[in-house]
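Welcome to a short walk through a protein model.

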Amino acid sequence: MKRKILYALILAAALGTAACATDEHSSATENSQNTDNVSSEATQDVFAMDTYMTVTAYGKNATAAVDDAIAEIKRLDALLSTGDENSEIAQLNVNKSAVLSEDGGYLVERAIELYDMTDGAFDIAIYPVMQEWGFPTKDFKVPEDATLKELLTLADVSDINYDSQTREISFVKDGMEIDLGGIAKGYTSSRIMQIFDEYDIESGLVNLGGNVQTYHTKTDGTKWRVAVQSPEDDSDYIGVLDVSDKAVITSGGYERYFEQDGKIYHHIIDPATGYPADSGLKSVTIISDDGTLADGLSTSLFVMGKDKAAEFWKAHSDEFDFVLLTDDDKMYVSEGIADDYTSDYNYEVIQ
Ligand code: AMP
Ligand code: MG
């Protein structure tokens with residue numbers, strides 16, 4: 001109970017204002033005599049990408065920056081959502097070829113890079129398999145093993161032809177479809193950081209359904225305190241990260257799943273098997289300057305499991321850090337972030 005109260009305090013502090021989960025709730029507080037050197041705070045909530053999102057900014061242009069950020073979230077949602085038949089990605093999945101927008105092209109390029117970098121753990125071509133499990137429509141079922149094997153032949157990212165000059169994309173195989181759900185939120189939060197730059201914002205924070213990106217420090221100069229959510233209870237947390245100018249992005253099977261015959265089937269698919277990843281991890285939190293990378297890697301390291309994830313980090317420790325929680329409640333924190341991590345539980349620092 002005590003922990004829950006603390007959590008609320010931290011979240012309130014992190015958001016700079018109590019977050020209110022209503023659709024399009026807007027509470028901008030502007031100083032009435034706003035001059036160039038008077039700072040103000042603005043915050044807005046929006047429901048997009050299947051989740052509640054909050055954008056907060058401090059600075060003389062805070063209201064305009066937050067307005068732009070909310071518009072950007074809606075624009076990217078409409079562009080990237082596989083569930084919206086008019087989106088660029090849904091259209092690509094129907095037509096099997098397209099000339100992508102700048103954002104779509106950038107994301108496909110990053111996704112291909114992530115596929116190579118993670119040895120196939122991050123796989124945007126997994127969408128036919130996701131559909132067979134019923135995740136996009138929420139019409140869940142456990143597929144036949146043979147069907148999954150067949151669909152996995154469509155999940156090879158090297159069968160995506162993409163030309164980064166022209167942004168032309170096409171699929172080698174007929175049934176192929178892609179899904180940018182594993183990186184869309186991280187990209188969106190990094191786009192908001194660019195908007196904050198354009199508006200010369202002093203300090204800011206976005207929370208896209210538990211995926212956080214912080215802009216500079218809090219206005220008092222101290223770091224943002226970002227809670228790492230407990231997989232068991234979304235009002236509880238397992239630790240707190242003190243960060244500035246970082247994305248903090250968590251993936252876990254607990255975020256989306258269904259239950260059949262007493263078994264849990266979650267939404268992060270191991271591209272090696274076609275089944276929900278069963279790598280012994282409950283959650284993966286990635287801390288990085290790069291929101292897109294953080295999002296892609298939170299999904300990827302969840303697929304890899306603790307040992308592979310630790311090896312992967314050692315090869316890329318200048319790009320990100322992690323907090324891992326295993327199925328048997330062991331916690332691992334990579335060295336680069338360990339000094340900025342506090343937890344009531346024991347954890348091992350990976351070096
Ligand atoms: P996240 O919540 O960032 O871990 O992303 C999970 C989402 O990414 C899922 O809901 C799917 O849309 C998609 N996805 C599932 N498995 C994978 C995978 N192995 N690689 C890339 N995207 C995936
Ligand atoms: Mg992700």
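**Stop one: a loop residue**

Select Arg167, which counts as partly exposed at 29% relative accessibility (buried means under 20% relative accessible area, exposed over 50%, partly exposed in between, with a 1.4 Å probe and protein chains only). Arg167 sits in the loop between β5 (160-163) and β6. Its phi is near 60°, a positive value in a residue other than glycine.

Before moving on, some ground rules: this is a predicted model, where local features need pLDDT of at least 70, side-chain atom pairs count only at pLDDT 80 or more, and totals for chains, interfaces and linings use all residues. Residues are numbered from 1 along each chain as its sequence is written, chains are lettered from A and ligands numbered from 1 in the order in which they are written, and side-chain values use heavy atoms, leaving out hydrogens and water.

**Stop two: helix α9**

Now select residues 306-315, helix α9 (helices are DSSP runs of H or I with at least four residues, strands are runs of E with at least two, numbered from the N terminus). Colour its buried residues: Ala309, Ala310, Phe312 and Trp313. Seen down the axis of α9, they fall within an arc of 160°, so they line one face of the helix (the arc is that of the directions from the helix axis to the C-beta atoms). On the face turned away, find the exposed Asp307, Lys308 and Ala315.

**Stop three: another loop**

Finish at Asp329, in the loop between β15 and β16. Asp329 is partly exposed, with a relative accessible area of 48%, and has a positive phi of about 60° although it is not a glycine.
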